[in-house]
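Hi there,

Here is the structure I promised to pass on to you. Please open it first, and then read my notes below.

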Amino acid sequence: MRAFLLLLLLAVTVAASPFNGVLDSEVTDIIVSLTEDTAIGLQHDFSVTSAAAADAAGDLGKPIGRRLRRLPRNSGESLEQQLQRLNGLKGVKYAVPDLRVTPAAVHPDSSSAAVPQTLPGGGSKGVFRSYQWGMSRVGAPYAWSIATGAKDKQAAVTVCVVDSGIDDKHPGLKPNLARGVGMNAVNGEDEFDLTDVLGHGTTLAGVISGTGAEDGPVGLNWDNINLLSCKFMGPQGYGSTSDAVQCIDYCLQQRSHIISASWTTGTMPNPPLEEAVARTAEAGALLVLAAGNFGANMKQVPYYPQVYSRQYDNVLVVAASDDYDEHIFFSNFDPSSVHLSAPGVMIYTTEVGGGYNFTSGTSIAAPFVSGAAALLQAVAQDQLNTTLSATELKQHLLDSAERLAALLGRSSTAGRLRVDWALQLLLGKALSPPTPCLARPSQRTSKCRGGRGGGRLPARRSLVEMGEYAGAGSSMSTAAQGGAHSRPFRSTGMQRELIRQLEQQQQQEQEQQQGTGQRRRVRRLHALTGTRMAA
């Protein structure tokens, strides 16, 4: 009996630690949170009289935030041993691994096909390229007939992108970057070096604030926005919780209205990050998060910081939808923690080096919502002389989402972003038309029967059917190496024929489940264009 109780105690002890699944080799630092009394003592060079005295006097590493210290791993101890020792010290609130943070990107791709068309309401740009299908789908052209950003740069909304940096020399981004500010929080790097070696942050920036320079893509706020960059991910392809926390605090110090974060720390609770999220709520900033690219039901497998949206009303989590207005297979979902969807497949945007490229993932879906929130705030300030709170911004975006049967059970709204409806509802204007039902070739006799608008609506041709995914270009590995990026070139007749053959093959997959069909479709597109899927 005694042996059984000992085994039971051991099992409970092991299960009680949420970090047992963390590999020693993946953790290079520990985050230590000090109690308030200990932190105050350290600020006054007071050596704490306790078992923590030696550590508190100078061995608890570099300050990284409110009562937080980053401590290097002790090579003489296992991760579990070091955590147990630190958590046993008086004056220590908790000690946890400095978990890795990974971007929520799926893959890069290149394309061509440019068919300009006139924007509703005209405007100084005057053209809009149809390969920006995502902008059309969220109603951006109608929104731009109301506003394209703030009235002037000085009073423009500030959006802080917490990621890998932003290419500040890119002609499609430079005019809309916040001037003279930004920070590099990567441990060991120059805090003023904002170079985006990874390339991830630059792709997000294009959706929020691309200017359309050199016939490139336009972002939701292509005229007057202050895009602020805080870099915490480097060329290795990931960052750390401690650096991400510092970036979030920096965004708040700069009084950012909106913080955009397209990354996750995985399935383990993250106390330092949760505390940072709580600070965004206290400061009244809207925190927009990508749902993540693991295809997971987060009710069963929670991802962090995404599920903190259940606790904090200022957090808005975005899933990804495809060009058929369906939930894409790689996107995490959960009606209790995900709020709405936005386009996340083959999105044309800016890339490091001054070029443009296509990318996919919930990473690229989230900036659609960040950009929409910024445009909504700009209109409220300029036309209504009011500033919306984070919860008001969030509620306007959720209330105006276009509800779609294919998105039921994926988010709390079962809807996809409509920035035009958000602006029109705010101003009391008539709503622009809903999106016609979009069906795959195998669904044209079922999906749209009795659908939106009453009766079956004619299916719009998809991007693949239009031949707008063809082309080739550099992959993320090139960006990570800091190499040059080629501009996309026009597709050839042979490529277009291959795309038509691909669509014929897809029609023969009628018996396949939707997720399997989407997965094959994306893989074949990459095989067709000579690019690769990222891990």
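**What I found**

Three strands make up an open sheet in the order β12-β5-β14, and their pairing is antiparallel. At its edges are β12 (239-240) and β14 (263-264), each of which pairs on one side only. Strands here are DSSP runs of E with at least two residues, helices are runs of H or I with at least four residues, and both are numbered from the N terminus. Two strands pair if DSSP finds at least two bridges between them. Strand β5 (residues 100-103) is joined to β12 by two bridges in the antiparallel sense, and V101 has G239 as its bridge partner in β12.

Before you go further, please note that this is a predicted model: local features need pLDDT of at least 70, side-chain atom pairs count only at pLDDT 80 or more, and totals for chains, interfaces and linings use all residues. Residues are numbered from 1 along each chain as its sequence is written, and side-chain values use heavy atoms, with hydrogens and water left out.

Next, the rings. There are seven aromatic pairs in the structure. One of them, F294 with Y303, is stacked, at 4.7 Å centre to centre and 15° between the planes. Rings of Phe, Tyr and Trp (its six-membered ring) pair if their centres lie within 6.5 Å; planes under 30 degrees apart count as stacked, over 60 as edge-to-face and the rest as tilted. Y348 and Y356 form a tilted pair, because their planes are at 45° with the centres 6.2 Å apart. Ring pairs also link Y348, Y356 and F358 into a cluster.

R100 is over the face of Y238, 4.0 Å from the ring centre, and the charged end of R418 is over the ring of W421, 4.2 Å from its centre.

Enjoy exploring!

Terms used: A charge sits over a ring if NZ of Lys or CZ of Arg is within 6 Å of the ring centre and within 35 degrees of the ring normal.
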